[in-house]
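Hi there,

Here is the structure I promised to pass on to you. Please have a look at it first, and then read my notes below.

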Amino acid sequence: MGIEKNIQRNPAADILRCLAFSFVVCVHFLRDSGFYQVTVESTKTLMMLIGRSFFIICVPLFMTLSGYLQRTKQLSGAYYKKLGKTYFAYVLASIACVVFSVLLLEKEWTLRSTIIGILEFTAAPYAWYIEMYIGLFLLIPFLNLLYNNIPSRKWKRNLLIIGACIVFLPSVVNVYNFDSVDWWRLPSSGSDFVEIIPNWWVTILYPVIYYFLGCYLNEYKIRMNKWVNLFLIVYVAFIFGVYNYWRSFQGTFIWGVWSHYYSLFSFFLTMLLFLFFLNLKYDKLPAILGKGLAKVSGLCMNAYLLSWIFDQLFYPILKEKVSVIEDRFVYIFAIVPIVIVLSLLLSYVLQVLQNLLTDLTVKIIAGIRKIKAKHKEDPDSSVPALQNE
């Protein structure tokens with residue numbers, strides 16, 4: 001437990017969580033600004049694709065952080081109780097999204113549809129991650145049991161290599177058409193690919209492999225020169241972006257395993273960015289800044305869900321004021337920071353509300369238990385004494 005407490009105070013983990021949330025907002029900018037409707041053929045679209053290739057590791061960063069911070073968790077009631085806090089925060093965020101939809105978007109939500117939406121993870125439109133995380137959270141003690149009982153570093157490294165082959169390798173192997181020379185000149189012209197290796201596990205297993213990557217980075221302190229590391233981050237992001245540009249050239253952006261969370265490029269980029277921040281020195285970081293990072297980091301999960309509200313506010317205005325899609329791209333430097341700040345502020349408000357409701361619930365339960373205990377000691381104490389007339 002001592003090791004885990006030390007890890008939780010590590011500013012690198014807080015920085016990475018904040019970056020992951022910021023990258024989510026950037027990815028949503030591309031979607032909501034209309035980027036995916038633009039023909040991919042200009043230098044500007046190439047630059048946006050390089051940026052997207054960097055930002056798309058947002059979710060892999062969150063998953064890897066889970067492994068990094070939770071590697072020592074064991075099966076216990078105390079561990080599973082923590083899930084209640086996460087779910088409560090999700091419920092409050094869902095209610096906030098529903099209230100916004102009713103008041104400003106004029107959508108119809110009844111009490112019944114709200115409850116169903118919360119249970120189905122649709123009341124908060126970005127809640128798919130919470131749905132995934134709940135399952136991962138339940139599995140974590142068993143994943144840790146598996147990982148921590150692998151006898152050597154070599155075998156743990158082999159676990160990652162085999163996992164990467166099963167999940168990430170298909171994204172760069174199974175995505176070509178070997179029957180057409182013309183396809184290689186213009187990959188956006190077709191989507192009939194030859195499957196060379198099995199790819200059944202790709203979308204199912206990728207959160208687990210990212211989790212194991214976090215466990216490995218937690219246990220073994222991999223050192224790399226920071227300038228070499230930084231160069232590799234830029235290089236891989238550039239190659240990733242150019243590759244996506246080639247795949248979509250003269251068409252609109254083409255979605256595929258090569259451009260998603262389970263791309264081999266995403267896996268390498270996640271690992272490199274993680275290593276970069278883990279290897280930085282934080283001994284001279286002011287205590288107040290460290291505390292601030294920890295506070296903001298704790299708000300990021302709910303801010304992720306709540307950012308949907310501000311996406312609905314700002315992007316319709318952007319589309320109305322700037323009709324040419326490519327001219328909207330520069331507004332990433334204005335809208336993204338605003339959405340991040342407002343989402344964090346609203347997350348803080350809901351966190352305060354959650355703490356108040358939790359404290360109130362604890363007091364009510366304690367009061368009920370006190371009354372029951374008193375009643376057991378003196379069963380007649382609650383019955384008023386009969387007075388003589």
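The largest nonpolar core holds 121 residues, and Phe21, Phe29, Tyr90 and Phe168 touch the most other members. Helix H2 (residues 11-32) gives the most to this core, with 14 residues. Such a core is a set of buried Ala, Val, Leu, Ile, Met, Phe, Trp, Tyr and Cys residues joined through side-chain atoms within 4.5 Å; buried means under 20% relative accessible area, exposed over 50%, and partly exposed in between (1.4 Å probe, protein chains only). Helices are DSSP runs of H or I with at least four residues, numbered from the N terminus.

Please keep in mind that this is a predicted model: local features need pLDDT of at least 70, side-chain atom pairs count only at pLDDT 80 or more, and totals for chains, interfaces and linings use all residues. Residues are numbered from 1 along each chain as its sequence is written, and side-chain values use heavy atoms, leaving out hydrogens and water.

Phe168 is worth a look: beyond four places in sequence, its contacts (heavy atoms within 4.5 Å) include Tyr206, Tyr210, Tyr261, Tyr262 and Phe267.

Ser343 sits in helix H16 (residues 332-377) and counts as buried because its relative accessible area is 0%. Setting aside neighbours within four places in sequence, Ser343 touches Phe21, Ala303, Leu306, Ser307 and Phe310.

By contrast, Leu103 belongs to helix H5 and counts as exposed because its relative accessibility is 64%.

Enjoy exploring!

Best wishes

Key: Helices (H or I, at least four residues) and strands (E, at least two) are DSSP runs, numbered from the N terminus.
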